[in-house]
Amino acid sequence: MSSVRFEKQANVGVITIDNPPINLADNALFAAFETVLDEIEASDIRALLVQAAGDHFGCGVNVQTTFVGVDSKSARQMLGRGIRICTRLEALNIPVVCAVQGLCLAAALEIALRCDVIIAADDAQFAQVEQHIGAATYLGGAYLLAERCGPARAREICFTGDFYDAASFERWNIINRVVPRASLQAEAMAWAQKLANAPTKAHAVTKRLMRAFLDHGVRAADELLLDLGPPLFDSADFRAGVQAVVEHGSKNFRGKVVFQGG
């Protein structure tokens, strides 16, 4: 069985990471993740849930099979592949929800940080442990954390390699919600279903505008808004939403949109 699998539940897609016993990332897992992303991009899902089987969301990288014997030249190729996978996940034009339980360390945390909404169980613990082996956060953890909680806190998390509970990560705006472990899957799926039944075309625009702002600032986002905003006026979602307000009826959002170009 693949260490990463994809299935559809109505209009929600579900990625399940399943590499027992502790969901360590390795080359095979990243290859499986690439295949799953191909399936997602070809599908008609309206939201995505990323989850993991077992007691832990993920405990980092399998150092023995992934790092041993790797020199700087081959490392660049390996890291480039990992970044491409992560940025593909982040750039999906649908909302992406992540459900985290148990340990969420290093590469696993970096995958979670590429998602739009992170729901964590109350037993979740987070850490960027790379410094313990003399490594950097090779999938972007340092700057992904800084984007959410600020550079001072991100430096602390990465420099110390300490473990942090879910309540701390919620307080620092790194994750969105903390829920009881027993209800994690149900709560995360409820979020995904809610977003899937919402105006996914508008959400896709919001994601691209947010990325433009974070990368290039307000003025760049303003310029992009003038490109991405007007086409929404022709969408079935927008017209149904406006008509619903006029008639005090219900909304009927129909689907996502795939944007071409920059």
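Reader: In which helix do Arg 153 and Glu 156 both lie?

Author: In this predicted model, the side chains of Arg 153 and Glu 156 meet in a salt bridge, with 3.1 Å from N to O. The two residues are 3 residues apart, about one turn of the helix. The helix in which both lie is H6, residues 151-160.

Reader: How many residues apart are Asp 222 and Arg 219 in helix H10?

Author: Asp 222 forms a salt bridge with Arg 219, and the closest N and O atoms are 3.2 Å apart. Asp 222, at 36% relative accessibility, counts as partly exposed, whereas Arg 219, at 62%, counts as exposed. Along helix H10 (residues 218-232) about one helical turn separates Asp 222 and Arg 219, because they are 3 residues apart.

Reader: Which parts of the chain does the pair of Asp 18 and Arg 5 link?

Author: Asp 18 forms a salt bridge with Arg 5, the closest N and O atoms being 3.0 Å apart. The two residues are 13 residues apart and belong to distant parts of the chain. The parts linked are the loop between strand S2 (12-17) and helix H1 (27-41), which holds Asp 18, and strand S1 (residues 4-9), which holds Arg 5.

Reader: Which residues are linked in a network of salt bridges?

Author: Side chains of opposite charge can pair when their charged atoms come close. The count of salt bridges in this structure comes to 14. The residues linked in a network are Glu 90, Arg 114, Glu 147, Arg 211 and Asp 215.

Reader: What is the volume of the largest cavity, and which helix gives the most to its lining?

Author: Rolling a probe the size of a water molecule over the atoms shows where empty space is left. The structure holds 1 cavity of 30 Å³ or more, and the largest cavity has a volume of about 70 Å³. Its lining divides into 7 nonpolar residues, 3 polar and no charged, with Ile 17, Phe 57 and Gly 60 among them. The helix that gives the most to this lining, with 3 residues, is H4 (residues 107-113).

Reader: Is Thr 137 buried or exposed?

Author: Thr 137 lies in the loop between strand S8 (125-127) and helix H5 (141-149). Leaving aside neighbours within four places in sequence, its contacts include Glu 110, Gln 128 and Cys 158. The relative accessibility of Thr 137 is 16%, and the cut-off for this class is under 20%, so Thr 137 counts as buried.

Reader: What is the angle between the planes of Phe 67 and Tyr 138?

Author: The structure holds 6 aromatic pairs. Phe 67 and Tyr 138 form one that is edge-to-face, 6.0 Å centre to centre. This pair links distant parts of the chain, 71 residues apart. The angle between the planes of Phe 67 and Tyr 138 is 90 degrees.

Terms used:
Residues are numbered from 1 along each chain as its sequence is written. This is a predicted model: local features need pLDDT of at least 70, side-chain atom pairs count only at pLDDT 80 or more; totals for chains, interfaces and linings use all residues. Side-chain values use heavy atoms; hydrogens and water are left out. On a 1 Å grid over the protein atoms alone, a cavity is a set of points where a 1.4 Å probe fits but cannot get out, and a pocket is an open set with protein on both sides within 12 Å along at least five of seven lines; lining residues have an atom within 4 Å of a point. Grid points are joined across faces, edges and corners, and a volume is the space filled by probe spheres set on the points. Helices (H or I, at least four residues) and strands (E, at least two) are DSSP runs, numbered from the N terminus. Ala, Val, Leu, Ile, Met, Phe, Trp, Tyr, Cys and Pro count as nonpolar, Asp, Glu, Lys and Arg as charged, and the others, Gly among them, as polar. A salt bridge is a side-chain nitrogen of Lys or Arg within 4 Å of a carboxyl oxygen of Asp or Glu. Buried means under 20% relative accessible area, exposed over 50%, partly exposed in between (1.4 Å probe, protein chains only). Contact means heavy atoms within 4.5 Å. Rings of Phe, Tyr and Trp (its six-membered ring) pair if their centres lie within 6.5 Å; planes under 30 degrees apart count as stacked, over 60 as edge-to-face and the rest as tilted.
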